[in-house]
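Please have the sequence and the structure open while I talk.

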Amino acid sequence: MKNVAVVGSQWGDEGKGKIVDWLSEQADVVIRFQGGHNAGHTLVIDGVTYKLRLLPSGIVRKNKISIIGNGVVVDPWALLDEIKEIGEKGVDVNSENFMISEAANLILPFHREMDEIREDAAGKSKIGTTRRGIGPAYEDKVGRRSIRVMDLRSEKNLNQRLETVLLHHNAIRKGLGKKIYEKNQLKEDLLKIAPDILKFSAPVWLKIDQFKKQKKKILFEGAQGILLDVDHGTYPFVTSSNTVASSAATGTGCGPNSINYVLGITKAYTTRVGEGPFPTELVDGIGELLGTRGKEFGTVTSRKRRCGWFDGVLVRQTIKVSGIDGIALTKLDVLDELDEIKMCVEYDLNGKKINYLPAAVEDQLKIKPIYKTFDGWKTPTNGIKNIDDLPDNAKKYVFAIEDFIGAKISSISTSPERDDTILVENPFEI
């Protein structure tokens, strides 16, 4: 029995929703292990569209258990809104099919405000966050002053925890000339929703151990992409959590040997939202074409994504960093109209050729891509389900990617529709 971790191999937005939906149908348990409601998946099931932000993808399927792990930061009001939203579409979220780690940290209103204050004050140095409080919440977690799900059980304990975290935040707010945050109203608001959150609270690590003994198939669902990892991404233009596959273990409370296969979702070109280095970015008509054909707008924020050629150097690096076994190549059909297609195979940094992304942001901003050019196929690939039916030039491009990045292509997506997929190998059955 295999357990599979799904991660994005680029800057996020690789089309994980469709792939995770397909895998969640086979899984018994689906677990979110990092991030917050700053990244989303769009699922279309039986003609109904679900836009999930915090809830794992398995929640929209019957007889699946969905879990939010301790590595996720949870805005409790956003979570309850999301539960209500999908409830109106016929999805029943209850304590039998959904649980939250009692150790998960909460995003509170002052986290969102701090996110906005910092971004507005940063000017040209802004990171490009989603302004949802993710970063400040993770800071409080590491600073050991955070409010966790378990803290909602006791008013006395919650009061003490709020005093601790607000002592820190109000000192910063005063220094920035902002109004201090009052504790009592927030405590009242949290106690009001506490029963609605606590009914889902559970020792997730223990539940996972039970599921493993029962031989259940577990799908670990990541958010964003590896290039946004706080350690391995384009720092400081990154998210505030570790997005690599190993976080599936720390973000849920199971050992790394619980993960048997790592699937990297990989777009056939490259996109990024927000600020930061992007070596293969196209600020021309081709970039616009990719954005238009690929419908490159964020699920959560609707922000327009920056588009560029496929960066093989980056994907090869994220495969090594995250231990990716195979990739699901998405949005191949977006390239159908192009006369030629390029793939970055090396960088030029101050006249010197390098084959990896340097760690320093100043170097990342300087590097120039060196491309290998492929002839386009100028033929629709939309809906193709067999690799032999792909145009010859499309096959050449796909196999060139596979050879360069050093990981097997396990599937190829040829449209947003769930069934329009060329399946090479099933991660759950290897």
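Predicted model: local features only at pLDDT ≥ 70, side-chain atom pairs only at ≥ 80, totals over all residues.

Let me begin with a definition: a residue is called buried when its relative accessible area is under 20%, exposed when it is over 50%, and partly exposed in between, with a 1.4 Å probe and protein chains only. Residues are numbered from 1 along each chain as its sequence is written, and side-chain values use heavy atoms, with hydrogens and water left out.

Staying with Arg 144, this residue has a positive phi of about 60 degrees although it is not a glycine, and it is found in the loop between helix 4 (134-142) and helix 5; helices here are DSSP runs of H or I with at least four residues, strands are runs of E with at least two, and both are numbered from the N terminus. Asp 13 is also a residue other than glycine with a positive phi, near 60 degrees, and its place is in the loop between strand 1 (4-8) and helix 1 (16-26). Asp 13 is partly exposed, at a relative accessible area of 26%.

Where in the chain is the cis peptide bond that joins Tyr 235 and Pro 236? Its omega is about 10 degrees, and Pro 236 lies in the loop between strand 10 and helix 8 (247-250).

Now to helix 7, residues 204-213, in which Val 204, Ile 208 and Phe 211 are buried. Those three cover an arc of only 60 degrees around the axis, taken from the directions from the helix axis to the C-beta atoms, which puts them on the same side of helix 7. As background, an α-helix has 3.6 residues a turn, so residues three or four places apart point the same way. Trp 205 and Lys 213, on the other side of helix 7, are exposed. The buried residues pack against several strands, among them strand 2 (29-32), strand 5 (65-68) and strand 10 (218-221), where contact means heavy atoms within 4.5 Å. Just after helix 7, Lys 215 takes a positive phi of about 60 degrees.

The next pair is helix 5 (residues 155-175) and helix 6 (residues 183-198), which pack at an angle of about 135 degrees with their axes 10 Å apart. Axes are lines fitted to C-alpha atoms, for helices over the stretch in contact, and angles run from 0 to 180 degrees between N-to-C directions. Angles under 35 degrees count as roughly parallel, over 145 as roughly antiparallel, 65 to 115 as roughly perpendicular and the rest as oblique, and helix 5 and helix 6 are therefore oblique to each other. The residues that meet include Leu 158, Leu 162 and Leu 166 in helix 5, and Leu 186, Leu 190 and Leu 191 in helix 6.

For Cys 307, the nearest cysteine sulfur, that of Cys 344, is 16 Å away. Cys 307 counts as buried at 4% relative accessibility, and Cys 254 counts as buried at 12%.

How values were computed:
Disulfide = S-S within 2.5 Å.
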